[in-house]
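Could you walk me through this model, step by step, while I have it open in my viewer? I would like to know what to select next and what is there.

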Amino acid sequence: MKGIIALGFAVGVHAAPVADEGWQELAGYLFRDAHDAFTREPAGADRRRALGAAASLLNEPPVSPGKVADVEAQLRQLLADNAADEPAIYARYLLARIAHLHRPAETAEIEAAYRAVITAAPAHPLAQLAAGKLALVLLYQRPDLPVPARIAAAAELAPVAGSAQLPETACIYYRVLAEAALYYDMLDERALGWLQRADAVGPQDVMTATSLRIQLAEVARALGHREAALGYYRSYLATAAPTDSRYHTVAERMADLAKEAK
Amino acid sequence: MKRPPLTTVVVLLLLIGTYLYSAGRLVLRRGPAVVDPSIEVIRYAHWQIEPGVREAFNEIAADYMALHPKVRVEQMDIPGRAWKQWLRTGLIGGTAPDLVELASYENPDDMLARYFTPITSYLEQPNPYNADEPDLRGLSWRQSYTAELVPVEGVHYFSTNLLEYYGAPSAMVTVRMFYNRRLIQEAIGEDRPPRTYDEFVALCAALQRHADVTHEFVAPLAGSWFNVTQITDGLFSAASQRVALTLDISHDLEMSKVEGLVNYARGRWSLTTPAIRTGLQTVEAFGRYLPPGWSQLNREDAMMQFLQGRAAMLATGTWDAGGILSQADFPVGAFKMPAFRRDDPKYGRWTLGPMSEANTFAGVPFGLTRTSRHPERAIDFLRFLTSRKSNAKFSRISTWLPVIKGVPVPKVSESFRPVEEGYVGGVNIRFFSGEANQVVLQYLYLLSGNAASADAFIAQTRGPFDRAFRGELDRLARVSRETLRQKDSVLAGLYQLEVGTGLGRAKFDRLAANQLTVEAERLRSLRTLADYPGK
């Protein structure tokens, strides 16, 4: 009996580092090593480990349709065993990603898969990721919708996609909305508003932050908001990195705009 | 007893001699670590075999060894042609040196992740070798760099996918026109570099006339496809800066490659767009002064023409400066290719002015390999190498530009200093893809010689460019799909590692944001290709 307890303890002690090693390898783009770590021993009832095995197999070289199908089957099994715990939420998200990016799928299936992630746990960080991806589908993969409807549908996802729990992701979601509007030549107050929301979140990356200020200045200028544009130009000039080659161009555009009103 | 034939004796003697020589080399070779296990050996490898660089590295290594007698620092300079295979073999075999020069095009993310140690945490600590510098001692190692190693796309020291620093850079280079001061003096009566593009073309004409009069075969410009594109890149871009601003979809005053391609597919610019045609015409203006057969020559040929006094000017990177200055038997000057004026009647309509070189990033970064036997010692040497004192020494000996705050630019390198007060770039048709580059190289000859013609170039290349640009948009979408797929797995790993300590602003959040940006760009490209299928 003592021996069995000792063995169980040893396995338990051993399992945690193996799992950590697997996640470390996975986070470091070492997919094969991660898969080896996760599958060194049978996952058994360890659902996180089963998730790790599936997530690493997805990109284990050589990537093949057969492997992707295996991963889908493993993820569906995880969901079938328990549809509500953390591994299940992640499995649902990965299934949506597989439909979107790893194998051919109809747009309706992709949309439904992302919506399933959001519906299952709307406050979860993965729901925020899924909402951001769904916004992209609506913006660029729904040619059946008129352009204003594409943008409106993507913007409706703001309560989830713009959640404060992942501020960097939220910032880019708002920026993606604004840039889609600019791509479709729909430069209007909404685009300015989305850029303002992205700026309010405050991205950590210095180049994203400074580019946002230029975008704000240029869009405000195009909409005739002279004072706001000047303010954004000033804000950019005060924070630009020394390696930013746009500095002089911005300074001159600001000076030109300031002169225009005189 | 029969004596062995003479040839056998000779062969035997040769074999014995070779054996003794090899054995002697082995015994006498520098390598105290072999006999003294207390010696730490740090090896660092790079491909910068230009004159001056190896010497600079050697002197700094000698300084370090004088400071740390129990350390031996060995430099390994590997020619560029052998670098890729040499490095891969070393990394896979576990025999790579401790420190290796990095370049984003040589070291993909999977290679960095597998074989190199991130040095972000080291860079955020002060560099102890700057402890005597009052203005640097309170700064982190990263902040001791002139531009503080801004982590942007395309730099060699940071991976935007792995979100980690992998290299500590040592130097910076720009592109300049080197010139034979004596020939220029003879041709125009004064040693003065041109200040405008018109003056540059006039200088080429004067040099040509001087050669005709003196019957000396001296070309105004040293030619090779490499050196000529060092000139044309700037001209294409400067002639079309205002157009680039109209093609900047995101309104961030920087037309990206994808934005340029998307707007090409949407029919918003083409080779016949006046600004693009003007860029080609600028090349037409100086192309007539290129030496015959220039497009068949390579960099080394052009360098030889210049060093032998058979060409008066040579456009190249300042990485060649050490070699030029040490080998030329004539006085050498250098200047930045002059820009067009906005009021230039021929070329100025779509220009903003000289292009900014503010984004010239620090290069020659060394990364720490995971197989290093002395990683802390290797990092210590790297800190020493990039301390203010060592960087000043490196810059002085190599003539390459320094990268550490407060290091003076050597007098000889003053004209290499990046010009920061300039404008954003324009549309450079060569930069859009590898295939577009090949089209330019294949047909650039049409812009040279007495029959130079921008229209002929456009007529010949319209079809190839059309295929190249649309093909590149499709290729980029396919390539980014692979990296996006990989990030799905990587994010799963980061999520599990970081969920306990908070995901907001953590790597998971930052990589998810990066993935969203890249995915948006990819889908926008695919939308464009679908909506604008072309001919």
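**First stop: a helix of chain B**

Select B:Leu15, which sits in helix α1 of chain B, spanning residues 6-28. Keep in mind that this is a predicted model. Is B:Leu15 buried or exposed? B:Leu15 counts as exposed because its relative accessible area is 55%, and the cut-off for that word is over 50%.

**Next stop: where the chains meet**

Show chain A and chain B together and select the residues in contact: 72 from chain A and 63 from chain B. The two chains bury about 6,000 Å² between them, and carbon and sulfur atoms account for 61% of that area. On the chain A side, highlight A:Tyr29, A:Leu101 and A:Tyr183; these lose the most area to chain B, together 14% of what that side buries.

Which residue forms a salt bridge with A:Asp33? Zoom in on B:Arg114, where the closest N and O atoms of the pair are 2.9 Å apart. Seven salt bridges are found across the interface of chain A and chain B, and 32 residue pairs are in polar contact between these chains.

To finish, colour the chain A elements that give two or more residues to the side touching chain B, among them α1 (2-27), α5 (86-102) and α10 (167-183). Of that side, α10(A) supplies the largest share, 10 residues.

How values were computed:
Residues are numbered from 1 along each chain as its sequence is written. Chains are lettered from A and ligands numbered from 1 in the order in which they are written. This is a predicted model: local features need pLDDT of at least 70, side-chain atom pairs count only at pLDDT 80 or more; totals for chains, interfaces and linings use all residues. Side-chain values use heavy atoms; hydrogens and water are left out. Helices (H or I, at least four residues) and strands (E, at least two) are DSSP runs, numbered from the N terminus. Buried means under 20% relative accessible area, exposed over 50%, partly exposed in between (1.4 Å probe, protein chains only). Contact means heavy atoms within 4.5 Å. Buried area is the accessible area (1.4 Å probe) that two parts lose on being put together, summed over both. A salt bridge is a side-chain nitrogen of Lys or Arg within 4 Å of a carboxyl oxygen of Asp or Glu. A polar contact is a pair of N or O atoms within 3.5 Å; within protein, one must be able to donate a hydrogen and the other to accept it, and residues adjacent in sequence count only if both atoms are side-chain atoms.
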